[in-house]
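Work through the exercises below with the sequence and model open. Each task is followed by a stepwise solution.

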Amino acid sequence: MKKVFLSALIIPVLFLSTVTITEASTKLMWGKTELVKGQIGKVTVLNTTQIYQNNNEGIFKQSTRSLRKGEEFRVYSYKGQDGGLYGLGGGLFVKKSTVVKYETPSKSKLALLENNPLASSPENGKKYSDGWVAPVLRSKWSSDYAQNYKTLQNELGFVDGGRSYTIAGQMGAIQVIYQAPDAPYEVGIRFTMWDGDANGQMPQAYRIPIVAKEVFKLYFEGDGTRVWNYLNDGVKKGSDIPEDFTAGGRSVHSRVSTNSGVLYLEVGHK
């Protein structure tokens, strides 16, 4: 299957998630969320409110997705414009208002975080010129799909409960979709783009193949780099992307939409 795919913004799907509670002893919980290095605070939603997205030109556009009462989200940045906006990551923001409660971690929490060498941190991998630090997978695949979603969320920066990786300008750039237990394959991995767009309007696009390599490690272990090379060479060199192959003890079927260029990997049961 010879395809040069995922070169442009294809499908704007909006995703966001709360962080689920975990009992892992290495994680420092703060309410419903894990406190991580690089986080400046959190917001608790007191009443339904909207999400806003930065379009890379400093303009914040209201999305169709609402945050629900009781949800909690990490805050990584704050912008003073438009009355104040809390940055939730991935180019997503919520407005400062009476319907969201903003809190900062206590000094004692920060001390525990600083002294915990296994705490989740954005400083796991290479730091890039825009300040982003590449995530590094620490956990292994689990037969429990919910645990794998937690791994994607807590370690690789996925949102929507671990189902989606988002960059500014492209929601759901990578999507991980588990199937029913009796389905012919375990999970689908969907890419709406790879490392750029036709107009060069998404500077964070370079992050997608970096994160994809860690996703492939989770599902294909030592064969993850080989699978990554199939996709990367398909984009960079126009090489054939195998339609059917085996990796990490799994059968994999790949297909590319001729209309949208979206790539979908059907990853078989282990």
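A residue is buried under 20% relative accessible area, exposed over 50% and partly exposed in between, using a 1.4 Å probe and protein chains only. This is a predicted model, in which local features need pLDDT of at least 70 and side-chain atom pairs count only at pLDDT 80 or more, while totals for chains, interfaces and linings use all residues. Residues are numbered from 1 along each chain as its sequence is written, and side-chain values use heavy atoms, with hydrogens and water left out.

**Exercise 1.** Describe the chain as a whole.

Solution. Start with secondary structure, where helices (H or I, at least four residues) and strands (E, at least two) are DSSP runs numbered from the N terminus. The chain has 4 helices and 16 strands. Next take burial: 50% of the 270 residues count as buried. Finally take contacts, meaning heavy atoms within 4.5 Å. Of the contacts between residues at least 6 apart in sequence, 59% join residues at least 24 apart.

**Exercise 2.** Classify the ring pair Tyr145 and Tyr178, and state what it connects.

Solution. Rings of Phe, Tyr and Trp (its six-membered ring) pair if their centres lie within 6.5 Å; planes under 30 degrees apart are stacked, over 60 edge-to-face, and the rest tilted. The whole structure holds 16 aromatic pairs. For Tyr145 and Tyr178, the centres are 5.6 Å apart and the planes make 45°, hence a tilted pair. Tyr145 belongs to helix 2 (residues 145–156) and Tyr178 to strand 12 (residues 170–178), so the pair ties together parts 33 residues apart in sequence. Tyr145 is partly exposed at 47% relative accessible area, whereas Tyr178, at 15%, counts as buried.

Then repeat the classification for Phe158 and Tyr165: this pair is also tilted, with 5.7 Å between centres and 50° between planes. Phe158 is buried at 3% relative accessibility, and Tyr165 is buried at 4%.

**Exercise 3.** Is helix 3 mostly buried or exposed, and what is its span?

Solution. Helix 3 (residues 207–220) has 14 residues and reaches 20 Å from its first C-alpha to its last. The expected span is 1.5 Å times one less than the number of residues, and here that expectation is 20 Å, close to the span found. Of the 14 residues, 11 are buried, so helix 3 is largely enclosed by the rest of the structure. The buried residues include Ile208, Val211, Val215 and Phe216. Just after helix 3, Glu221 takes a positive phi of about 50°.
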